[in-house]
Structures are given as C-alpha cells and as structure tokens.
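Subject: Structure for you to look at

Hello,

Here is the structure I said I would pass on. Please look through it first; my notes follow below.

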Amino acid sequence: MAHTAMSGSGTTAGDDPLQTAVWRLRSRACWADAAALLQPHTAGASLQRASLLVERCLYTEQGWAEAEDALRTAEAVAQSDDERGAAACERGQLAYAATLLGVRDRADEARAALGRAAALITPGAPGRALLDFRRGLLAENLARSPQAARAAYRRAHAGAVAQGDPLLLSFTWRHLAGLALRDGELAEARHGFAESLRIREELGYLVGTAPALASLADAEVEPEASRLRAEAGRLFRLLGGVPTWLAQQLAPPAASA
C-alpha cells in the first residue's frame, strides 16, 4: 500500500513551533487537528493544509470532501509555477488514493494532474522528488509497471538524499524494498524495510511505523516475523485502526481446511 509523503518541517529541535505542533499531530494520525492549526492565507499554508487532508484520505478512507475543498483553495491561491505544480501534485495524489481504495476510478485524473505537475516543477526543484515518488506509485499500483516504478522511486530516492529529506527517504526505501521482495531479493528487501523503519522511529512518525514493521515482517523469518507483526498490530490498535488498509495485512492467515 502506498502512502503520501510530505517532509519534515517540525521534525527537529529548533524548528518553528507551529510546524513542530503540526508534525506531532500529523505523526499521531490527527490530520484534521493539524490542518486546523494552519490558516490558509498564503499559498504555502494552503498547500500544506491540503496535503495533510489528502494524507488523511489515504490513511483513513475518510474526509474526501474536506480534502477537495482544501485543494481548491490551494489551487486558487497558487501564484508561481512551483506552487501550481505542488497543488497539481496533491490533486494527483488525491485522485490516486480514491482509485487505489476503490472509492472512484480517477486514474486518468491522477495521471493528468501528475503530468501537469511535471511540466511545472523543474528537475532539481524541492518538490520534484515527491513528484517522482508519486509517479512511481501510479506506475506500480495502477499501471502495474514495476520497471517504471523502480526508475521513478530511484529518482525520488536520489532527490530525497540530495535535499536531506528523511521522511521521503523512508517511503522510497520501503517501496524499493517492496519491489525487491517481489523479485525474491530478500537481503535487499530486508535492508530497505529496516532502513525505512529506522528513519520513521527516529522521526517519531508513529502512524507510519506500523506499516514499516509489517513490511519488514514480510521479509523476515520466524520467530522475528511474528514479533514484528505483533508490534505492528499493537501500534495499529493504539492509533484506532489507522491506516485502515493495514488490517488486511495484519489479519492472521486463514486456517487450512
């Protein structure tokens, strides 16, 4: 399952107190509360607010109307190409989430929005790595093209390294590891999943820790796999069953007849 990624203001000591408060709420699955702290008077605040509410949709399968409203506001106040591109990137992510979760088929809208973002966000710009990651999600989960997904994830990974973006790195590590696992490359998969988990634990990204634990469990052998899955289940329940789609991955295997 894919996630949105938006790094990381508020993740280190000395950051702006507002961003620190937003990050703490976001990392604990309190997206609406985090968004409520942001007044959409500027393009940056409007975009961040929209991004939080889009992420809530992907993790909870709820709040679609609020995310749409926030996106329309962000699109309306965007002035520069980078701001318009970032808003288009969020539009693509929301359409992708709706398609992936079976709410409504918006795959064409997702592709068009991310294509528009690619035309607006120049290579090397701060938002390009996130855009590359999201284009990888479309390639992997909608187009079923693992080769294209791997190339996009690698571009995103390099961009996240260059920008010092640890949260996005946690996502690129995890998705590259997922492709490696599918190819039977267990050592590579285990390394990538472990790196993703390490980063999320260091950042205190609690809502992303259970999926990271569950993914690592898929690449481990017993009894470590069961231990990791049990810890993922504990965090999943602690957060009230978020992300919703993790429930299926954590369900015990059906007994054989």
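The protein chain carries 28 positive and 30 negative side chains, with the centres of the two sets 2 Å apart. Lys and Arg count as positive, Asp and Glu as negative, while His and the chain ends are not counted. Each charge is placed at NZ of Lys, CZ of Arg, CG of Asp or CD of Glu.

This is a predicted model, in which local features need pLDDT of at least 70 and side-chain atom pairs pLDDT 80 or more, while totals for chains, interfaces and linings use all residues. Residues are numbered from 1 along each chain as its sequence is written, and side-chain values use heavy atoms, without hydrogens and water.

The protein chain has 13 helices and 0 strands (DSSP runs numbered from the N terminus: H or I of at least four residues for helices, E of at least two for strands). Of its 257 residues, 52% are buried (under 20% relative accessible area; exposed is over 50%, partly exposed in between, with a 1.4 Å probe and protein chains only).

Asp132 sits in helix α7, residues 128–141. Asp132 is buried, at 7% relative accessible area. Beyond neighbours within four places in sequence, Asp132 is in contact (heavy atoms within 4.5 Å) with Ala152, Arg155 and Ala156.

There are 0 disulfides (pairs of cysteine sulfur atoms within 2.5 Å).

Regards
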